[in-house]
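Me: I am new to this structure and would like to understand how its parts are described and on what grounds. Could we go through the terms one by one?

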Amino acid sequence: MKQYADVKEVRYEGKDSKEPFAFKYYDPDEVIDGKPMKDHLKFAMSYWHTIDAEGRDMFGPGTMDKSFGITDPIARYKAKADFAFELMNKLQLDYYCFHDVDIAPEGKTLKESLGNLDIMVDYIFDLQKKHNKKCLWVTANNFSDATFMAGAATSCEADVFAVAAAKVRACIDAAIKLGATGYVFWGGREGYETLLNTDMELELDNLARFLKMARDYGRAKGYAGDFYLEPKPKEPTKHQYDFDAATCMNFLRKYGLTDDFKLNIEANHATLAGHTFEHELRTAIVNDAFGSIDANQGDLLLGWDTDQFPTNVYDTTLCMLEVLRAGGFTNGGLNFDAKARRVSNTFEDILLAYIAGMDAFALGLRKAVEIVEDGRLDQFVSERYASYTRGIGAEIFAGTTTLEALSEYAKTLDRIDVPSGRQEYLETIVNNILFA
Ligand code: XUL
Ligand code: CO
């Protein structure tokens, strides 16, 4: 097999290719359903998993060295940034996403850390211009440092709230400078372990205060992109406040934040919440809050966030079907919040993992377009609900009837024939399109 350095650019070779470092389904400029595949998919590199994570787990240290043999912190993070853009070029990835601590070394004080961030944002600004890349979204890591052990915006300690605010302010500045179209809030440690020590109402009100301040700051500075909440049900805390899409929407509505905030839906977070990926996407869509996607997959035999590269084409197809029905991405995109397994510990594995994920989504897009063009699923669903287009159903739909009128109408009815849901037939159509 080729070495990492031998791979200049991963190109589309088609489904019959046996070349490991080639796309079998992702052809960036191929026009499908009216636009190039790269605009349908808007693939992004996650900086943290790809450039920083070295394979450490609870039982052992990293299995891969990403220090580039450099000890000086700023010099090392510059080498990482050079590598990041070289990697994006090799993979034809147009976008990237990062936390503050992914791109810059942390100093001994907050002031020092923010100074390092400034240096690195300038450095990355030049790199993205040189390589013609775009920043999809930025976020602050307000969960790793011990300061955030009891949360950030929901910490019991007001000084921690202030530190979190300083980091978010710096990250919004970075998002504006880099032209990012998204700013993400993943709850991190915004949740709790036991009500015995927790003032839930104050914590939720404070979280809303925090998000409003961030929104007001960003808008005042001219940030016109989306703000996103990223739902996740558990891990690290037992009760995460942003449990799932519906819980996030309830929170955003209660505090009047729906004009500025949408959702960043992550596949593995959906399954941890006991939902499917497509359920979470649909919930976001029907609430006018579909924003962006963290693409990955979990392992249903494991109960945690494994952040695996997505390779299950059934799931990517149903995901892209939702994205197509939502009219595609606007400010959002598909960020691979995914890492190669600890045992896949070479630089070649990083390329192979991205190729696997990008091809799985490209194939999913192709199949989703086929499902839409085939039309049988859409037609079935519209016929299933056809009773709301005529007679009493049309009146219910239009809001022109009353409980009394319905009651009189219902008394005139005989046995009602509810139409079959035909699930197995519909699943066969999907299999037929996927595997024919
Ligand atoms: C954690 C997770 C994060 C967010 C960004 O499960 O998904 O990486 O996407 O903080
Ligand atoms: Co994520």
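Reply: Let us begin with the word domain, whose bounds come from an automatic or database domain assignment. In this predicted model, that assignment gives domain 1 (33-374) and domain 2 (377-435), and the centres of the two, taken over C-alpha atoms, are separated by 39 Å.

Me: What makes the two domains count as being in contact, and how many residues does each give?

Reply: Contact asks for heavy atoms within 4.5 Å, and the contact takes nine residues from domain 1 and seven residues from domain 2.

Me: How much area do domain 1 and domain 2 bury between them, and which residues in domain 1 lose the most?

Reply: The two domains bury about 790 Å² between them, with 65% of it on carbon and sulfur atoms. On the side of domain 1, Tyr 314, Lys 367 and Ile 371 lose the most area to domain 2, and together they make up 57% of what that side buries.

Me: Why is the meeting of the side chains of Asp 378 and Arg 325 called a salt bridge?

Reply: The rule asks for a side-chain nitrogen of Lys or Arg within 4 Å of a carboxyl oxygen of Asp or Glu; the side chains of Asp 378 and Arg 325 meet at 2.6 Å, N to O, and therefore qualify as a salt bridge. Across the interface of domain 1 and domain 2, the rule finds one salt bridge.

Me: Which elements give two or more residues to the side of domain 1 that touches domain 2?

Reply: These are α11 (313-325) and α12 (347-374), of which α12 gives the most, with five residues.

How values were computed. Residues are numbered from 1 along each chain as its sequence is written. Chains are lettered from A and ligands numbered from 1 in the order in which they are written. This is a predicted model: local features need pLDDT of at least 70, side-chain atom pairs count only at pLDDT 80 or more; totals for chains, interfaces and linings use all residues. Side-chain values use heavy atoms; hydrogens and water are left out. Buried area is the accessible area (1.4 Å probe) that two parts lose on being put together, summed over both. Helices (H or I, at least four residues) and strands (E, at least two) are DSSP runs, numbered from the N terminus.
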